[in-house]
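Thanks for coming, everyone. I'll walk through one structure today, a piece at a time. Here it is on the screen.

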Amino acid sequence: MTTEMARARRLVAEADRIVVLTGAGISAESGVPTFRGAGGLWKSHRPEELATPEAFARDPQTVWEWYAWRRGLIADCDPNHGHLALARLALGGTPTTIVTQNVDGLHVMAGTDPALVVEVHGTTRRAMCLSCDWRDDIEVVLARVRAGDEDPHCVDCGGLLKSATVSFGQNLFPGDMERIEQAAIACDLVLAVGSSLQVYPVAAMVPLAARHGARVVIVNGEPTAMDDLADVLVMGSISEVLGTVVGWSAGRNVRGDASVD
Ligand code: NAD
């Protein structure tokens, strides 16, 4: 164990209330590409061309193709040791909230109680209507697209359908910003994992927590935009280092028993 890992582990063990912020990096080793960093997704697709309400209004067919491609990317992906380590942390005695920028659903698949996870950018596993409360599995809409409906509309109200994700330029889902701000203010440790910490407003929870006295631990493979705020920086592969940081070892299940789930 490196000195930095040992220091991070001590801060986690001593914390009374933890907020974890996860980004695309935690899912990279499950096979889901990141947007930035080595192997980043944005090298082949420009976000402003696809993940915006304007792009959707202009060319829904291309955007549905992008959703179908991203849904396909996660279809066969499983949680890795990073997700399992955080599921274990959230099951432990320290109150923990996991705020994720990820839209892949892997924290819940790893066994984390959904009530403890805030998916601030939504999920690519679901579709939503922009005009009413209609929600369903995104496969329901993708089946319509595959059958030739280039711009599927809501069966209940005729409104525009889209992936249940927050696009660039869209507001977060109602209540989420308040929830993550309250969690940031109340915690005494913020653990940022696999995020370049460049995507706002979510990244702002790190300086917010720090201003309210929280310690900051950053675990990432490359420098982030907020390394100067970190009490401890752990550089490395998340699936290799995060278990040590939170005191969970691979080979144990998320409840901590010696058997693997
Ligand atoms: P990002 O793509 O901007 O940054 C990911 C960071 O993770 C990079 O700094 C990279 O160096 C690091 N990283 C990658 N693999 C790693 C590994 N194995 N170990 C350690 N570090 C590793 O991610 P972001 O800050 O989360 O922001 C991008 C936006 O993209 C988010 O808003 C999110 O909604 C979306 N996104 C989500 C997914 C997903 O759901 N899995 C995937 C791509 C993008």
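Let's start with tyrosine 67. Its relative accessibility is 5%, so tyrosine 67 is buried. A caution before I go on: this is a predicted model.

What does tyrosine 67 pair with? Its partner is tryptophan 64, and the geometry is edge-to-face. The ring centres are 5.3 Å apart, with 75° between the planes. Both residues sit in helix H5, residues 60-75. They are three residues apart, about one turn of the helix. Tryptophan 64 is buried too, at 0% relative accessibility.

Next, the other ring pair in this helix. Tryptophan 66 and tryptophan 69 are stacked, because their planes meet at 25° and the cut-off for stacking is under 30 degrees. Their ring centres are 6.0 Å apart. Again the spacing is three residues within H5, so about one helical turn lies between tryptophan 66 and tryptophan 69.

Tryptophan 69 is partly exposed, at 37%. As for the total, the structure holds two aromatic pairs.

**The largest nonpolar core**

Now the core. The largest nonpolar core has 27 residues. Which of them touch the most other members? They are Leu86, Leu191, Val219, Leu242 and Val246. Several elements supply at least two residues each. On the helix side, these are H1 (3-14), H6 (81-91) and H11 (238-246). On the strand side, they are S1 (18-22), S7 (189-193), S8 (215-220) and S9 (232-235). H11 gives the most, with five residues.

Take leucine 242 as one example. Setting aside residues up to four places away in sequence, leucine 242 touches Ile26, Gly82, Ala85, Leu86, Val193 and Val219.

**Helix H11**

Stay with H11 for a moment. This helix is mostly covered, with seven of its nine residues buried. Those are Ile238, Ser239, Val241, Leu242, Gly243, Val245 and Val246. What covers them? The cover includes H1, helix H2 (25-28), H6, S7, S8 and S9. Just after H11 comes glycine 247, with a positive phi of about 80°.

**Leucine 233 in S9**

S9 is part of that cover, and leucine 233 is found in this strand. Leucine 233 is partly exposed, with 29% relative accessible area. Leaving aside neighbours within four places in sequence, leucine 233 is in contact with Glu4, Ile218 and Asp227.

**Glutamine 101**

Where is glutamine 101? Glutamine 101 is in the loop between strand S2 (96-100) and helix H7 (106-109). Its relative accessibility is 11%, and the cut-off for buried is under 20%, so glutamine 101 counts as buried.

The side chain of glutamine 101 makes a polar contact with the side chain of serine 195, at 3.3 Å. Not counting residues up to four places away, glutamine 101 touches Leu21, Thr22, Gly23, Val120, His121, Ser195, Val199, Val202 and Ala203.

Last stop, strand S4, residues 122-129. Seven of its eight residues are buried, so S4 is largely enclosed by the rest of the structure.

Which strands pair with S4? One is S6, residues 161-165, antiparallel over four bridges. Here glycine 122 stands opposite threonine 165. The other is S5, residues 135-137, also antiparallel, joined to S4 by three bridges. On that side, alanine 127 stands opposite aspartate 136. A hairpin of five residues links S4 to S5.

That's the tour. I'm happy to take questions.

Terms used
Residues are numbered from 1 along each chain as its sequence is written. This is a predicted model: local features need pLDDT of at least 70, side-chain atom pairs count only at pLDDT 80 or more; totals for chains, interfaces and linings use all residues. Side-chain values use heavy atoms; hydrogens and water are left out. A nonpolar core is a set of buried Ala, Val, Leu, Ile, Met, Phe, Trp, Tyr and Cys residues joined through side-chain atoms within 4.5 Å. Buried means under 20% relative accessible area, exposed over 50%, partly exposed in between (1.4 Å probe, protein chains only). Contact means heavy atoms within 4.5 Å. A polar contact is a pair of N or O atoms within 3.5 Å; within protein, one must be able to donate a hydrogen and the other to accept it, and residues adjacent in sequence count only if both atoms are side-chain atoms. Rings of Phe, Tyr and Trp (its six-membered ring) pair if their centres lie within 6.5 Å; planes under 30 degrees apart count as stacked, over 60 as edge-to-face and the rest as tilted. Two strands pair if DSSP finds at least two bridges between them.
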